[in-house]
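I opened my notebook for this chain and went through the structure piece by piece. My entries are below.

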Amino acid sequence: MPKAKTQTKQSDSEILHNLVTKQKEFFKSGVTKPVKWRIKQLNKLLSAIKAHEADIIQALQTDLGKSEFEAYSTEIGMVYNEIRYQKKHVKKWAKTKKPSGELFFFPGKPRIQPEPFGCTLIMSPWNYPFMLTIDPLVSAISAGNTAVLKTSEYSPATSQVIENIIKESFLPEFITTVQGGYVQNQLLLHEHFDFIFFTGSSNVGKVVMESAAKFLTPVCLELGGKSPCIVDKTANIPITARRIVWGKFLNAGQTCVAPDYVLVDESIKDKLVQALNQEILTQFGEDPLENPDLPKIINSTHFGRLVSLAPDAQTNSATNKIAPTLMDLGAINSKNVANHPVMKDEIFGPLLPIISFTNLDEAIDFVYQRPTPLALYYFSKNRKSQKKIFNTLRFGGGCINDVVYQLVTDKLPFGGCGESGMGSYHGKFGFDTFTHYKGILKQSSWMDLKVRYAPYENKLDTVKKFLK
């Protein structure tokens, strides 16, 4: 009898390699280029999200303990807004541009042609697992790319809903999801993508950039860092406290642009601390751990890390909840500030260190000497001081007299610089991030200016007239 054929199971590496290969072939076919087709895909995505809205809300409750209000306002609603904005403007953005005033090219015609990168990889985090996966995907689709979505293993319920939405809406050679952890991340980073968009920690960002460098793949890194909140003596204390408490303890402090610590003028420190405590009571009640509006810490590992930073905080290990906690570290130049573990790395939890300064230059120097933060917030009525802060310090983006709200609008770029990342997105900035702008010169053959050709005798003066 003839021997039966044995089938060998494909390895994860082979599966992912074939997936990327098929996406590159799909992109090469040109299907993704027409703007009408892109808008159709955005409509598909919008319809699918609406159909699964209840599933998304439940998944975010399961993974992070988010209330329906927070799930919609900080994740689902943000995505709806992004899709609608990109649909409205993509036709204009995708048009070939005609730069003017270039007489040196005459009679040629220069053009700038927006072109998608091709097969892209989007690696998303767990803290806003829906919004930070789908928002960049909207930009990738709008710009005409294919996409592989690597969702976080730490938010499995949301990752599964995203996979369901993508499977129901798109061919895998256009958009697909990959679930898993470290192994899948490493296998994907061994593939040759045309562009990588990563949101996560600085340490992992370095690994992504190192892997991308092997293929000279362009990247957008959305990282984090210790984002300062500076409060001077002219600030409106009640409003300042209300906004800081809202922004810091949103998603239980697991927000990359949350105020990581407060630098406050010594003369108003006690008043601010009192107002912050009152706002915590107002917004979360006498027992925050029982408040359903306070999300939980993502897992026991992160919970344990945060408890080690603030052993006196109110906690519940059964629910992984930590109550909003203020930590008075003292004066800006004290040993406690210099040595306290809470000031070493981004906190990413509901702990808020309070540090006092005696003059604004102290606060500026303190921030300046540290890694570039993703965000900076300054509460002050003094316009001269506002200008000084924002002209002196480097950071990704920020607010005057508010926190976190710079993310709400599509008109502002969102992204870091230096240690907090590179590149930006939201609105037109997202389209630009997933687009290569190709410069093309269409030259005529009916006229040929000989001034550019050798021999060059007696031609320099003519060239100088054009190139001044």
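These notes go from the whole chain to its sheets, helices and cores.

**Overall.** I am working with a predicted model. I counted 16 helices and 16 strands in the chain. The C-alpha trace spans about 90 × 80 × 35 Å along its principal axes. Of the 468 residues, 51% count as buried. I also checked contacts with a separation of 6 or more: 73% of them come from residues 24 or more positions apart.

**The six-stranded sheet.** I traced an open sheet in the order β11-β12-β8-β7-β13-β14, with parallel pairing. Its edge strands are β11 (325–331) and β14 (397–400), and each pairs on one side only. On average, neighbouring strands of this sheet are turned by 20 degrees against each other, direction ignored. I then looked at one pair within the sheet. β7 (residues 228–231) and β8 (residues 261–265) run parallel and are joined by four bridges. Pro228 stands opposite Tyr261 in β8.

Next I looked for helices on this sheet. Helix α10 (residues 269–284) packs on it and touches β7, β8, β11 and β12 (351–357). The direction of α10 makes about 170 degrees with that of β11. Helix α13 (residues 360–368) packs on the sheet as well, touching β7, β8, β12 and β13 (375–379). For α13 I noted about 160 degrees against the direction of β8.

**β3 and β4.** These two strands run parallel, and four bridges join them. Val148 has Thr176 as its bridge partner in β4. Together with helix α6 (residues 156–169), β3 and β4 make a right-handed β-α-β unit. I checked the side chains of β4. Ile175 and Thr177 point one way, Thr176 and Val178 the other, and all are buried. In a regular strand the side chains alternate between the two faces of the sheet.

**β5 and β6.** I found a right-handed unit here too, built from β5, α8 and β6. β5 and β6 run parallel, joined by four bridges. Ile196 stands opposite Val219 in β6. Both faces of β6 (residues 219–222) are covered. Val219 and Leu221 lie on one side and Cys220 and Glu222 on the other, all buried. β6 also pairs with strand β15 (residues 421–422), in the antiparallel sense over two bridges. Leu221 stands opposite Met422 in β15.

**Helix α7.** Which residues of α7 (residues 182–189) are buried? I found Gln184, Leu188 and Leu189. They cover an arc of only 130 degrees around the axis, so they sit on the same side of α7. I then asked what covers these buried residues. The cover includes the helices α1 (12–28) and α8 (202–213). It also includes the strands β2 (119–123), β3 (146–150), β4 (175–178) and β5 (195–199).

**Nonpolar cores.** The largest nonpolar core has 81 residues. Leu45, Ile49, Leu137 and Val231 touch the most other members. Helix α4 (residues 68–93) gives the most to this core, with nine residues. A second, separate core has 31 residues. I noted Leu263, Leu306, Leu309 and Ile347 among them.

Definitions and conventions: Residues are numbered from 1 along each chain as its sequence is written. This is a predicted model: local features need pLDDT of at least 70, side-chain atom pairs count only at pLDDT 80 or more; totals for chains, interfaces and linings use all residues. Side-chain values use heavy atoms; hydrogens and water are left out. Buried means under 20% relative accessible area, exposed over 50%, partly exposed in between (1.4 Å probe, protein chains only). The arc is that of the directions from the helix axis to the C-beta atoms. Contact means heavy atoms within 4.5 Å. Two strands pair if DSSP finds at least two bridges between them. Axes are lines fitted to C-alpha atoms, for helices over the stretch in contact, and angles run from 0 to 180 degrees between N-to-C directions. A nonpolar core is a set of buried Ala, Val, Leu, Ile, Met, Phe, Trp, Tyr and Cys residues joined through side-chain atoms within 4.5 Å. A crossover is right-handed if, with the strands pointing away from the viewer, the path from the first strand over the helix to the second runs clockwise.
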